[in-house]
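Biologist: I am new to this structure. Can we go through a few of its parts in turn?

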Amino acid sequence: PVLVVDFGAQYAQLIARRVREANLFSEVVPHTMSVADMLAKQPAAIVLSGGPSSVYAEGAPSLDKALLEAGVPVFGICYGFQAMVKALGGTVERTGLREYGATQATVRPESTLFNGQPDTQSVWMSHGDSVSEAPKGLAVTATSPGADVAAIEDNDRRLYGVQWHPEVLHSTFGQQVLENFLLHGARLSPDWTAANMVEELVTQAKADIGDARAICALSGGVDSSVAAALVQRAIGDRLTCVFVDHGLLREGEAEQVEQDFVKATGVDLVVIDAREQFLTALAGVSDPEAKRKIIGREFIRTFEQAARDIVQDRGDEEHPVKFLVQGTLYPDVVESGGGTGAANIKSHHNVGGLPDDLQFSLVEPLRLLFKDEVRQVGRELGVPEAIVARQPFPGPGLGIRIIGEVTEERLDILRRADAIARAELTAAGLDRDIWQCPVVLLADVRSVGVQGDGRTYGHPIVLRPVSSEDAMTADWTRLPYEVLAKISGRITNEVAEVNRVVLDVTSKPPGTIEWE
Ligand code: XMP
């Protein structure tokens, strides 16, 4: 594999994903792993990630020079670049010139990393220290306003480094720089495909689950459907999918899961009507985190009961349900505070919202993947396009799209407004242009309107169309005015309780995609 050594940045998994985009297998390892253990994995190349520290800070993770002398090609990024320079005898200094954000680098197009690229390019920087002197034997191949030494290379020892972050999209030629390292610096041939990914994940799931039974929390969305199809391939009919109708679903959703997914996969499915249970548990609660935790808890309680019933119904007492399969993705893990040193932004119900006394072991085969990779895996497994191409919908459903307490009546209002918005976006052919469009009910807000000859005092509905690559960042989608007008007109006419439709024009950050 291509090893990505994680120096404690949120970027390490992103680097691994970029390596996979270049069709090479990659794996993230912590910087605390010994050089011997890293080399035991027989890495074809090594990428050193960025990190939050200064190489001179106390307790800063250091780089064992032996890794650079093992004959394996190495590419250092940001902190990894500086750690590499320091280990090779160059100089890293606090120059006072800090660079954060986009800047222009001047590169040498005849070098290995920048071959075939323009000699100035936009790059994304984030550093306080700078390299002032390259180590002996390494050529300086780029500079930037804040760094005299912004890239280095040595084609004999196959050592390379850049000060900026080639893995983020703001670095215009970032992917080419990385691929130049992998294909021309390290001279690897790209042979990693979705089929390989499936094989790897199936083998892993087999090993994890052994001969026990598992249940999968199926939501009808892409992630849980793909996770289910994957585990079904691994353990066959020892997997049962459980679809919980928690009453927080959109119109037509339960029916779609039963029809589309089961038809395609033939998976064993149990549908549980838990509408009353969830509504009762949510009564009187309006705090977003409290709602998420309650929904997560009720989900798990429902699965526990289902697990007991399944073993009984299937008459298979020797193989108790030990595992709960979830379609957790990497962005869910990072944002729930599961990444290295990452902050808890919100408790995604399938990660941070789990109760402490969970009676299952979790199987999360997709936890290192991004959405588009999950879609590739799904297609490879034969999951129907109608599911694979679906826009994301959060597990807590409409429960986190009603700002305020969740009640039956409010759910009904939101469900009708949401169905209209979705129908119009689909009719306008926009489904593939937007990542998703949450429709949010501001249930505790009322405003005055006029309709017919009368005064109304209704609720606003918020439209939140966003464009995104992986939900980690997003921008609001510039929908055509005619489509917005159509949606607004229909909602205010057809949903009596709503007298105002507003558009959310906030990117992420600072807003998140969902309102809660
Ligand atoms: P945010 O609101 O954090 O959303 O910007 C990022 C993406 O995650 C979805 N989302 C969830 N998905 N369980 C899920 O399965 C959750 O609790 C959850 N919360 C948010 C959201 O729809 C968006 O695609």
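Modeller: This is a predicted model. We can begin with strand β19, residues 447-451.

Biologist: How many of the five residues of β19 are buried?

Modeller: A residue needs 20 or more other C-beta atoms within 10 Å of its own to count as buried. Strand β19 is hardly covered, and its count of buried residues is zero.

Biologist: Which residue of β20 is the bridge partner of S447?

Modeller: Strand β20 covers residues 454-463 and runs antiparallel to β19, with five bridges joining them. Two residues lie between the strands of this hairpin, and G452 takes a positive phi near 65°. The bridge partner of S447 in β20 is G458.

Biologist: How are helices α13 and α14 oriented, roughly parallel or roughly antiparallel?

Modeller: The axes of α13 (residues 408-427) and α14 (residues 481-494) come within 9 Å and cross at roughly 150°. Angles over 145 degrees count as roughly antiparallel. Therefore α13 is, relative to α14, roughly antiparallel.

Biologist: How many nonpolar residues are in the contact of α13 with α14?

Modeller: Helix α13 contributes R416, A417, I420, A421 and E424, while α14 contributes V483, K486, I487, R490, I491 and E494. By class, the contact has five charged residues, no polar ones, and nonpolar residues numbering six.

Biologist: Which strands do the buried residues of α4 pack against?

Modeller: Helix α4 spans residues 174-185, and its buried residues include V177, L178, F181 and L182. These buried residues pack against helix α1 (12-21). The strands they pack against are β1, β3, β4 and β11.

Notes
Residues are numbered from 1 along each chain as its sequence is written. This is a predicted model: local features need pLDDT of at least 70, side-chain atom pairs count only at pLDDT 80 or more; totals for chains, interfaces and linings use all residues. A residue is buried if 20 or more other C-beta atoms lie within 10 Å of its own, exposed if 12 or fewer, and partly exposed in between; C-beta atoms are placed from the backbone. Helices (H or I, at least four residues) and strands (E, at least two) are DSSP runs, numbered from the N terminus. Two residues are in contact if their C-beta atoms, placed from the backbone, lie within 7 Å. Axes are lines fitted to C-alpha atoms, for helices over the stretch in contact, and angles run from 0 to 180 degrees between N-to-C directions. Angles under 35 degrees count as roughly parallel, over 145 as roughly antiparallel, 65 to 115 as roughly perpendicular and the rest as oblique. Ala, Val, Leu, Ile, Met, Phe, Trp, Tyr, Cys and Pro count as nonpolar, Asp, Glu, Lys and Arg as charged, and the others, Gly among them, as polar. Two strands pair if DSSP finds at least two bridges between them.
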